[in-house]
Amino acid sequence: MKRTLVVGVDGSPESRAAAGWAAEEAVRRDLHVHVVHAWLWQPLAVPVVQDRGVEARRAQEIVDGTRAELTRRHPRLSLTAEVVPDVPVPALLRAAKVAEMLVLGTRGHSALAGFLLGSYGQQLIASAECPVVSVRARDGIATPGAAGDEGAAGGEVVVGQQGGAEESADVLRFAFEAAAARRAPLRAVRAWSLPPVYAYSPGSMWVAEQFGGLEPFEKAALEQALEPWKAKYPEVEVVAQVQQGSAGHVLLSAASDARLLVVGRRIRESALGPRTGSVAHAVLHHSTCPVAVVPHH
């Protein structure tokens with residue numbers, strides 16, 4: 001049975017762009033696409049005419065239209081589609097429980113304000129157990145594939161690496177798989193900043209001195225994290241970039257012409273519930289290419 005990629009749709013230009021990207025990715029990786037439209041009849045407490053039958057037919061038309069469009073573009077695509085009687089967040093989280101990734105659409109240059117009305121998209125990215133890819137609809141283009149990453153043909157896959165080799169393993173695995181599927185170069189970026197005065201300690205300074213300073217230490221950490229993945233994917237051309245500065249700013253600069261930007265999200269609960277993390281939050285708001293957020297421990 002093929003591995004599955006789930007994409008949420010609602011008939012908007014943003015969700016059509018997401019569906020197009022999902023289909024292209026499925027063809028690259030030989031995945032099955034499962035299209036989900038969450039629709040739950042909830043009469044509004046306002047004096048307007050509401051027809052449950054009409055709304056139900058519209059929901060089914062969204063799914064059928066997406067299926068027809070993707071099948072026309074990719075005749076051999078393995079594809080299923082359904083209307084799920086639930087609200088978006090639980091419906092898509094449930095559908096993506098055993099998926100390779102979940103694909104969502106975002107609108108123009110606003111942050112996660114696309115087909116999931118902002119907060120829904122943020123909840124999904126913060127809570128999903130699988131990688132979530134945010135695909136931006138550009139300049140009102142709604143045709144599947146038009147807002148994908150093929151417009152940046154020849155562009156790199158960019159991945160942000162943080163922490164140690166084990167901590168970043170899931171993020172790097174996803175990035176190397178994406179680069180290999182696209183036959184694209186991979187740029188691995190590690191941003192670093194000078195620690196505040198109170199963070200200096202004899203132990204930390206001794207470690208830095210063994211590598212000739214803080215920047216050589218960061219370069220060595222990046223190379224150590226990349227080593228097993230370079231061995232597993234020898235066909236992927238890798239560029240290692242270590243740069244001082246804010247991780248969000250450094251990644252956005254590196255990914256200005258990228259086909260895909262991959263970042264991590266640490267799995268942890270806060271008093272306010274699941275969080276996307278500051279780096280993922282920054283790139284989701286400002287990246288012009290698709291962004292994959294990969295959960296990791």
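The expected span of a helix is 1.5 Å times one less than its number of residues. Helices here are DSSP runs of H or I with at least four residues, strands are runs of E with at least two, and both are numbered from the N terminus.

Welcome to a predicted model, in which local features need pLDDT of at least 70, side-chain atom pairs count only at pLDDT 80 or more, and totals for chains, interfaces and linings use all residues. Residues are numbered from 1 along each chain as its sequence is written, and side-chain values use heavy atoms, leaving out hydrogens and water.

Let's start with helix H1, residues 13-29. Its 17 residues should span 24 Å at 1.5 Å a residue, and this agrees with its end C-alpha atoms, which are 24 Å apart. Of those 17 residues, 13 are buried (under 20% relative accessible area, with a 1.4 Å probe and protein chains only). Just after H1, Asp30 has a positive phi of about 60 degrees.

Contact here means heavy atoms within 4.5 Å.

| Helix | Residues | Residues that meet the other helix |
|---|---|---|
| H8 | 247-254 | Ala247, Gly248, Leu251 and Leu252 |
| H9 | 278-286 | Val279, Ala282, Val283 and His286 |

The axes of H8 and H9 are 9 Å apart, at an angle of about 40 degrees.

Glu156 counts as buried because its relative accessibility is 18%. Its side chain joins that of Arg187 in a polar contact of 2.8 Å (a pair of N or O atoms within 3.5 Å; within protein, one must be able to donate a hydrogen and the other to accept it, and residues adjacent in sequence count only if both atoms are side-chain atoms).

Definitions and conventions:
Buried < 20%, exposed > 50% of the residue type's maximum accessible area, 1.4 Å probe, protein only. Axes fitted to C-alpha atoms, helices over the stretch in contact; angles between N-to-C directions.
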